[in-house]
Amino acid sequence: MTLRKGGGNTGVTAILPGSDIFKQKMLASGQVINGFGKTTCLVQINELGTLETPILMTNTLAVGTCWTALTRYMLDRNPEIGLTTGTVNPVVMECNDGDLNDIRSLPVKESDALTVLALAEGNPPLLEGNVGAGTGMRCLGFKGGIGSASRLLELGGKK
């Protein structure tokens with residue numbers, strides 16, 4: 001979901017790696033490259049080697065907002081969390097868009113994160129270009145982003 005209003009130039013991107021990931025945890029690992037990324041639950045991923053929630057990406061000051069939204073999302077779909085099982089470790093990762101976004105206006109709301117999660121459940125086409133969490137990013141002075149236009153991935157012989 002791309003948010004462009006007022007000085008806002010940001011968004012939220014959701015990755016849903018499975019339909020019931022809390023019950024069928026996925027093998028995962030993480031790597032910190034520059035030491036500045038604000039992430040949640042990366043320690044669990046690296047210690048246990050598993051992922052148990054979708055992944056949300058958003059701007060630096062919206063990581064907490066998206067964590068709360070992802071927690072609500074998981075609690076709604078898994079009523080056993082915190083009662084008959086342990087708690088949940090929502091994974092949210094940061095895209096620093098502070099130079100091209102009025103980050104102080106806190107434009108990302110819980111409702112935005114919940115909307116993008118619901119949209120992702122419908123298996124939408126992968127968007128290209130300047131979209132979602134990467135909308136307001138730069139990389140080495142050039143426009144950056146999360147869209148698929150600059151990335152090509154081959155998996156199992158398929159692009």
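Contact here means heavy atoms within 4.5 Å. The legends describe a predicted model, in which local features need pLDDT of at least 70 and side-chain atom pairs count only at pLDDT 80 or more, while totals for chains, interfaces and linings use all residues. Residues are numbered from 1 along each chain as its sequence is written, and side-chain values use heavy atoms, with hydrogens and water left out.

**View 1**
Not counting residues up to four places away in sequence, C66 touches V12, L56, T58, V92, V108 and A113. C66 has a relative accessible area of 0% and is buried (buried is under 20% relative accessible area, exposed over 50%, partly exposed in between, with a 1.4 Å probe and protein chains only). A nonpolar core is a set of buried Ala, Val, Leu, Ile, Met, Phe, Trp, Tyr and Cys residues joined through side-chain atoms within 4.5 Å. The largest such core has 20 residues, of which V12, L56, C66, L70 and M74 touch the most other members. Helices α2 (63-77) and α3 (110-121) each supply at least two residues of this core, and α2 gives the largest share, six residues. Helices (H or I, at least four residues) and strands (E, at least two) are DSSP runs, numbered from the N terminus. Apart from this core lies another, of six residues, including I21, C41, L51 and I55. In soluble globular proteins, nonpolar side chains tend to be buried together.

**View 1. Cysteines without a disulfide.**
A disulfide is a pair of cysteine sulfur atoms within 2.5 Å, and a search of the whole structure finds zero. For C41, the closest cysteine sulfur is that of C66, at 13 Å, which is too far for a bond. For C66, the closest cysteine sulfur is in C95, at 10 Å, again too far for a bond. C41 counts as buried, at 19% relative accessibility. C41 is found in the loop between β5 and α1, and its phi is positive, about 70°, although C41 is not a glycine.

On a 1 Å grid over the protein atoms alone, a cavity is a set of points where a 1.4 Å probe fits but cannot get out, and a pocket is an open set with protein on both sides within 12 Å along at least five of seven lines; lining residues have an atom within 4 Å of a point. Grid points are joined across faces, edges and corners, and a volume is the space filled by probe spheres set on the points. By this rule there is one cavity of 30 Å³ or more. The largest cavity holds about 30 Å³ of space. Its lining consists of C41, Q44, I45, T50, L51, E52, N89 and V91. Helix α1 (42-48) and strand β6 (50-51) each supply at least two of the lining residues. By residue class, the lining of this cavity has four nonpolar, three polar and one charged (Ala, Val, Leu, Ile, Met, Phe, Trp, Tyr, Cys and Pro count as nonpolar, Asp, Glu, Lys and Arg as charged, and the others, Gly among them, as polar).

**View 2. The second largest pocket.**
The volume of the second largest pocket is about 550 Å³. It is lined by 18 residues, and N34, G37, T39, M93 and E94 are the closest of these to its centre. Strands β7 (55-59) and β8 (91-95) each supply at least two residues of the lining. Strand β8 gives the most, with three residues. The lining of this pocket divides into 10 nonpolar, six polar and two charged residues.

T40 lies in strand β5 (residues 39-40). With a relative accessible area of 16%, T40 is buried. Residues up to four places away in sequence aside, T40 touches V63, W67, P90, V91 and V92.

L100 is found in the loop between β8 and α3 and counts as partly exposed, at 32% relative accessibility. The C-alpha atoms of L100 and E47 are separated by 35 Å, the two residues being 53 residues apart along the chain. L106 also has its place in the loop between β8 and α3. L106 is partly exposed, with a relative accessible area of 43%. Its phi is near 50°, a positive value in a residue other than glycine.
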